[in-house]
Amino acid sequence: MTEQVIVALSTCPDEATAKRLAEVLVSERLATCVNRVGGVASTYFWDGRLQDDAEILLIIKTTAARLAGLEARLQALHPYELPELVVLPVLGGNERYLQWVRTGVGENSEGE
């Protein structure tokens, strides 16, 4: 059976944190690729107050098999008390790219 590719989303308070998290997730083979998207404005309630903050969005490509490890590592390293983690299934796409994602988080992965 082919491993399910997923996309996970998380936000970070600044570029330095986003870069560090991306590097750890990829180097530990919990993700094949992490995009860092700046210029994200987030509006939400926290501590009973309306918040409006600039954030960096992480778009994390991995597999369902790596999700538990990714979540644990994100919890351990993230500066937020409650880090965002939203997971979306990938229903299709360039199969060669999806296979690259699968290979990148495999135990013996070398990437391409």
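Trainee: How do the residues lining the largest pocket divide into nonpolar, polar and charged?

Mentor: Happy to start there, with a word on the model: it is predicted, so local features need pLDDT of at least 70 and side-chain atom pairs pLDDT 80 or more, while totals for chains, interfaces and linings use all residues. Residues are numbered from 1 along each chain as its sequence is written, and side-chain values use heavy atoms, leaving out hydrogens and water. Ala, Val, Leu, Ile, Met, Phe, Trp, Tyr, Cys and Pro count as nonpolar, Asp, Glu, Lys and Arg as charged, and the others, Gly among them, as polar. The lining therefore divides into 4 nonpolar, 2 polar and 3 charged.

Trainee: Which strand gives the most to that lining?

Mentor: A pocket is an open set of points on a 1 Å grid over the protein atoms alone, where a 1.4 Å probe fits, with protein on both sides within 12 Å along at least five of seven lines; lining residues have an atom within 4 Å of a point. Among the lining residues are Ser 42, Tyr 44 and Trp 46. Strands are DSSP runs of E with at least two residues, and helices are runs of H or I with at least four, numbered from the N terminus. With 3 residues, the strand that gives the most is β2 (residues 33-46).

Trainee: Is Ile 60 buried or exposed?

Mentor: Ile 60 is found in strand β3, where Ile 60 is the bridge partner of Ala 8. Contact means heavy atoms within 4.5 Å, and Ile 60 touches residues including Ile 6, Val 7, Leu 25 and Leu 70. Buried means under 20% relative accessible area, exposed over 50% and partly exposed in between, with a 1.4 Å probe and protein chains only. At a relative accessible area of 0%, Ile 60 is buried.

Trainee: How many bridges join β1 to strand β3?

Mentor: Two strands pair if DSSP finds at least two bridges between them. Strand β1 (residues 5-12) has 7 of its 8 residues buried, and β1 runs antiparallel to β4 (residues 86-89), with 4 bridges. Strand β3 (residues 49-63) also runs antiparallel to β1, and the number of bridges joining them is 8.

Trainee: Why is the pair of Tyr 97 and Trp 100 classed as it is?

Mentor: Rings of Phe, Tyr and Trp (its six-membered ring) pair if their centres lie within 6.5 Å; planes under 30 degrees apart count as stacked, over 60 as edge-to-face and the rest as tilted. The count comes to 1 aromatic pair. Its ring centres are 5.3 Å apart and the planes are at 45°, so the pair is tilted.

Methods. Lists of a residue's contacts leave out its neighbours within four places in sequence.
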